[in-house]
Amino acid sequence: AEEMRFQVEELEVQFPYPRIYPEQYAYMVELKRSLDARGHSMLEMPTGTGKTITLLSLITSYQRAHPAMGKLLYCTRTIPEMEKVLEELKVLEAHRDELFGQDRKDKLFAVGLTSRRNLCVHERVSQQTERHLVDQHCRQLTASWVRERAAEAAAAEAAAAEAASPAATANALPLDSSFRWTASMLSGEANCAWSPPLSSSVGVVLTEFVQSDYARAVFNTRRVGGSDYGQIHGMFDSVRLVGTRLELKPRQACENVEGLFDRLAKYLRARIPQIKDVVEIIRDG
């Protein structure tokens with residue numbers, strides 16, 4: 001195969017077969033001129049005359065000579081046609097390995113892509129026979145909001161498991177006396193003495209919670225950043241303890257987070273067992 005390196009005008013082309021038809025060479029000439037002109041072209045060859053390897057040999061040789069050219073997008077009507085293109089490309093690359101060595105740095109990377117119906121490996125989705133049903137079920141599993149919800153749930157499970165662990169239970173904290181922290185106190189705007197201080201048991205546990213992986217996932221999803229990130233005031237506008245009932249009013253950015261208060265309740269009760277109720281205070285209006 002050594003002799004199948006030839007010039008198409010000034011371009012060296014590698015061709016993996018011992019013979020090239022005149023029609024193939026003429027096709028390469030016209031294709032190269034189209035690439036030189038950076039324009040469009042419509043070329044036609046009869047069936048069985050080697051269009052695929054002709055096109056691949058010329059264009060990939062052109063890419064080797066012009067590294068900034070970009071990628072080749074090769075579209076086929078059927079999957080068998082696509083598989084044939086990939087097989088021909090393997091033959092061409094094997095020929096180049098013989099010419100230039102296995103350790104050459106310009107090896108081609110090719111990927112065959114088809115529809116979800118043919119590529120999906122999910123057990124339930126892949127059983128669908130209609131294309132629109134495959135697309136519908138795939139979106140239900142992979143949409144951005146579905147992935148965000150799954151990440152929140154996974155982080156919440158980890159936080160709840162950590163809070164319910166024997167180590168956390170052994171470190172249970174005493175219950176504070178009744179109190180109310182306002183939005184201005186939580187944000188640091190109010191210049192007053194805290195009662196109780198933020199180092200109280202509720203303050204400690206809430207700080208642990210808002211700095212957990214689950215809470216960070218909530219902050220990221222709801223785009224809470226800056227000085228609010230990982231802080232009690234970043235998630236809640238007010239906190240009030242009445243006996244064994246803890247009332248929390250979420251910030252507007254953290255409203256309607258599915259499962260937030262269930263996770264928080266589990267965490268608080270694991271660390272402060274005396275707390276019986278954790279209640280979300282709904283914003284007026």
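Start with the secondary structure: 12 helices and 6 strands make up the protein. Helices are DSSP runs of H or I with at least four residues, strands are E runs of at least two, and both are numbered from the N terminus. The model is predicted: local features need pLDDT of at least 70, side-chain atom pairs count only at pLDDT 80 or more, and totals for chains, interfaces and linings use all residues. Residues are numbered from 1 along each chain as its sequence is written, and side-chain values use heavy atoms, with hydrogens and water left out.

Zoom out to the whole protein. Along the principal axes, the C-alpha atoms fill a box of roughly 95 × 45 × 40 Å. The radius of gyration is 33 Å, whereas a compact globule of 285 residues would be near 19 Å. That radius is taken over C-alpha atoms, and the globule rule is 2.2 Å times the number of residues to the power 0.38.

Colour by accessibility next. Of the 285 residues, 35% count as buried. Buried means under 20% relative accessible area, exposed over 50%, and partly exposed in between (1.4 Å probe, protein chains only).

Now select Glu9. Glu9 sits in the loop between β1 (5-8) and β2 (11-14). Its phi is near 55°, a positive value in a residue other than glycine. Most residues other than glycine have a negative phi. Glu9 is partly exposed, at 37% relative accessible area.

Move on to Arg38. Arg38 lies in the loop between α1 (22-37) and α2 (51-65). Phi of Arg38 is positive too, near 55°. Is Arg38 buried or exposed? Arg38 counts as exposed, with 81% relative accessibility.
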